[in-house]
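Biologist: Hi, could you walk me through this model before I set anything up with it?
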Amino acid sequence: MSDDGRGTLAPTGWRVPSLLAVLGALAGLLVANSVTGLPLMPWSAIPTLLLLAFAEAFTAGRTARRIRREPGTEPMEPLSAARLLALAKASALFAALATGFFAGMALSVSDRLELASHRGVFLTALGTAASAALLLAAALYLEHACRVPEDDGDDDDTPGAT
């Protein structure tokens, strides 16, 4: 069987999250401008996204230490690392889309900030976009933490080692 690249997973680059953020911003602008009246903004998304970002960043730190097999940590099972990698990739894509969407919503009401109700929607949308951006950073950190370190080649059990 030839090695055609199947079974490998490339790191998330900057293009896909950037494109999703732009598409999310356009969707946020479209939604905010198509509804009559002021769009409802859930303030509860801010602490939820912050909690998710904290959990992923904490998990990333522990995962990196376990994959590097630092003293005092137990080795990580490959399936567990693969599951965390899938979580990181999914979170990164969602967070990029949410960052753009809520930034677009904030942009749509930014021209009427003299009204208290619009200012509240603007601040909630901006806070949600910032929380989603933190989740994006934590997800990319978790993805980076799941990388297997390069083999130094100084193992004694490799064929040809003296």
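What follows is a chat about confidence, helix packing and a few residues.

Biologist: What is the average pLDDT of the protein chain?
Modeller: This is a predicted model, and the protein chain averages a pLDDT of 86. Of the residues, 88% score at least 70.

Biologist: Which elements have the lowest and highest mean pLDDT?
Modeller: Helix 1, residues 15-34, has the lowest mean among the elements of the chain, at 92. Helix 2 has the highest, at 95.

Biologist: And where does pLDDT stay under 50?
Modeller: That happens over residues 158-162. The model has 2 contacts beyond four places in sequence for that stretch. Where pLDDT is low, the predicted coordinates should not be read in detail.

Biologist: Okay, packing next. How do the axes of helix 3 and helix 4 cross?
Modeller: They cross at roughly 160° and come within 7 Å. Helix 4 covers residues 116-145, while helix 3 runs over 78-109.

Biologist: Does that make the two helices roughly parallel or roughly antiparallel?
Modeller: Roughly antiparallel, because angles over 145 degrees count that way. The crossing of helix 3 and helix 4 is left-handed.

Biologist: How do the residues of that contact divide into nonpolar, polar and charged?
Modeller: For helix 3 with helix 4, there are 26 nonpolar residues, 4 polar and 2 charged.

Biologist: Now Lys89 in helix 3. Is Lys89 buried or exposed?
Modeller: Buried: Lys89 has a relative accessible area of 18%, and the cut-off for buried is under 20%.

Biologist: Which residues is Lys89 in contact with, leaving aside neighbours within four places?
Modeller: Leu9, Ala10, Pro11 and Thr12 are in contact with Lys89, and so is Glu143.

Biologist: Switching topic, what about phi at Arg69?
Modeller: Arg69 is not a glycine, yet has a positive phi of about 55°. Most residues other than glycine have a negative phi.

Biologist: Where is Arg69, then?
Modeller: Arg69 is in the loop between helix 2, residues 45-67, and helix 3. Arg69 is exposed, with 61% relative accessible area.

Biologist: Last one: Thr48. Where is Thr48 found?
Modeller: In helix 2. Thr48 counts as partly exposed, with a relative accessibility of 43%.

Biologist: And what separates the C-alpha atoms of Thr48 and Thr128?
Modeller: Those C-alpha atoms are separated by 9.4 Å, with Thr48 and Thr128 lying 80 residues apart along the chain.

Terms used: Residues numbered from 1 in each chain as written. Predicted model: local features only at pLDDT ≥ 70, side-chain atom pairs only at ≥ 80, totals over all residues. Heavy atoms only, no water. Helix = DSSP H or I, 4+ residues; strand = E, 2+ residues; numbered from the N terminus. Buried < 20%, exposed > 50% of the residue type's maximum accessible area, 1.4 Å probe, protein only. Axes fitted to C-alpha atoms, helices over the stretch in contact; angles between N-to-C directions. Parallel < 35°, antiparallel > 145°, perpendicular 65-115°, else oblique. Left-handed = near helix turned anticlockwise from the far one by under 90°. Nonpolar A, V, L, I, M, F, W, Y, C, P; charged D, E, K, R; others polar. pLDDT = per-residue confidence, 0-100. Contact = heavy atoms within 4.5 Å.
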